[in-house]
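Thanks for making the time this morning. I would like to walk you through one model, and I will give the cut-offs as we reach each term, so please keep the structure open while I talk.

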Amino acid sequence: MSERWTIGLIFLAPLALLAALYAFGLSIPVPTFGRSYVVRVDLADPGAKIGLPEVKGPQDVTRPLVVIDAGHGGHDPGAVTSGLHEKKLTLAYAKELEARLLLQGGIRVALTRDDDQFLVLQERAQIARELGADLFISIHADAAEVVGATGATIYTRSDEATDADAAALAERENRADEINGVELADQSDAVTDILIDLSQRKKQEGSREFARLIVREANSEIRLHPSPLRSAAFAVLKAPDMPSVLFELGFITNPAEAERLSSPAAREKFARVMDRAIRVYFARQADL
Ligand SMILES: [Zn+2]
């Protein structure tokens, strides 16, 4: 072997050894000593643009737009009782209302979610804002400690809750943004809160008017809670750009109520009543 080859080999040998080790590392699983497994929940980047849902109905942007938000979803089932998950119930009601509004025509409709996906509360309101919604309706079903609790409640947002039950409910619903006690969404700072407050005041009257119309139209068709108009600090209603209500269908911890709410007849009544309330609300706005 020539002297040149010998010197070449001296330089090439370590490189060859490194390449061999690299290939070995790729093909042989390396044990992960001391590492533990974690459960991952995929979330959108904070501040990243969220995917907007399809707007259905007339393609005329001057037509009013209703955004319907089915509460909970994905890893968050909401209230759970004897096999009934709040997230499934709310989605069924949201789809029923969407179908009713589209059938009657003249109104544009979008759902914040139309499958079993998780959205943080701020995203839900943000979807409505970015679409330029004229009305935002979040659908939920309650769980009560009191046996025999019954009836639907229409909530609007206010920092001061009307009563202790309303405050406790808002706290439970706002917990959707927590995993093991860790907040998922950024808390808005004090300045944002003040800005939201000023803008919200104007929209609050619209929210309350719409809530009153729902109660009026529900009449005897929907079983309402004895005090059906209440308010509390719901995070999902922190949408300053449009009147917003949170519709609690009833108490699924009450077995009779859970059964009734699961029936197609109850969904149909809900959609009919809400369709009427929405149309009266928009007709009044047009008259202003
Ligand atoms: Zn809920």
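This is a predicted model: local features need pLDDT of at least 70, side-chain atom pairs count only at pLDDT 80 or more; totals for chains, interfaces and linings use all residues.

His 72 is buried, because 26 other C-beta atoms lie within 10 Å of its own; here a residue counts as buried if 20 or more other C-beta atoms lie within 10 Å, as exposed if 12 or fewer do, and as partly exposed in between, with the C-beta atoms placed from the backbone. Residues are numbered from 1 along each chain as its sequence is written.

The place of His 72 is in the loop between β1 and β2 (80-81), where helices (H or I, at least four residues) and strands (E, at least two) are DSSP runs, numbered from the N terminus. Its phi is near 65°, a positive value in a residue other than glycine. For background, most residues other than glycine have a negative phi. Asn 219 also has a positive phi, of about 40°, although it is not a glycine, and Asn 219 is found in the loop between α5 (190-218) and β9. Is Asn 219 buried or exposed? With 10 other C-beta atoms within 10 Å, Asn 219 is exposed, whereas His 72 is buried.

Let me step back to the whole chain. The protein has seven helices and 10 strands, and of its 288 residues, 35% count as buried. If we take contacts between residues at least 6 apart in sequence, 83% of them join residues at least 24 apart, a contact being a pair of residues whose C-beta atoms, placed from the backbone, lie within 7 Å.

Now to the sheet. Six strands form an open sheet in the order β4-β1-β5-β10-β6-β9, and the pairing is mixed; two strands pair if DSSP finds at least two bridges between them. The edge strands are β4 (108-111) and β9, each of which pairs on one side only. On average, and with direction ignored, neighbouring strands of this sheet are turned by 20° against each other; for such angles the axes are lines fitted to C-alpha atoms, for helices over the stretch in contact, and angles run from 0 to 180 degrees between N-to-C directions.

Going along that order, four bridges join β1 to β4, which run parallel, and Ile 68 stands opposite Leu 111 in β4. Strand β1 (residues 65-70) is joined to β5 by five bridges, again in parallel, with Asp 69 opposite Ser 138 in β5. On to β10 (residues 244-251), which pairs with β5 in the parallel sense over six bridges, and there Ile 139 stands opposite Phe 247. Finally, five bridges join strand β6 (residues 152-157) to β9 in parallel, and the bridge partner of Ala 152 in β9 is Leu 224.

How many of the eight residues of strand β5 (residues 135-142) are buried? Eight of the eight are, so β5 is largely enclosed by the rest of the structure. Both of its faces are covered, with Leu 135, Ile 137, Ile 139 and Ala 141 on one side and Phe 136, Ser 138, His 140 and Asp 142 on the other.

Leaving out residues up to four places away in sequence, Arg 230 touches Thr 153, Tyr 155, Thr 162, Asp 163 and Ala 166.

My last topic is helix α2, which lies across β1, β4, β5 and β10 and runs at about 145° to β5. The axes of α2 (residues 86-104) and α7 (residues 264-287) come within 9 Å and cross at roughly 50°. That makes α2 oblique to α7, given that angles under 35 degrees count as roughly parallel, over 145 as roughly antiparallel, 65 to 115 as roughly perpendicular and the rest as oblique.

Key: Two residues are in contact if their C-beta atoms, placed from the backbone, lie within 7 Å.
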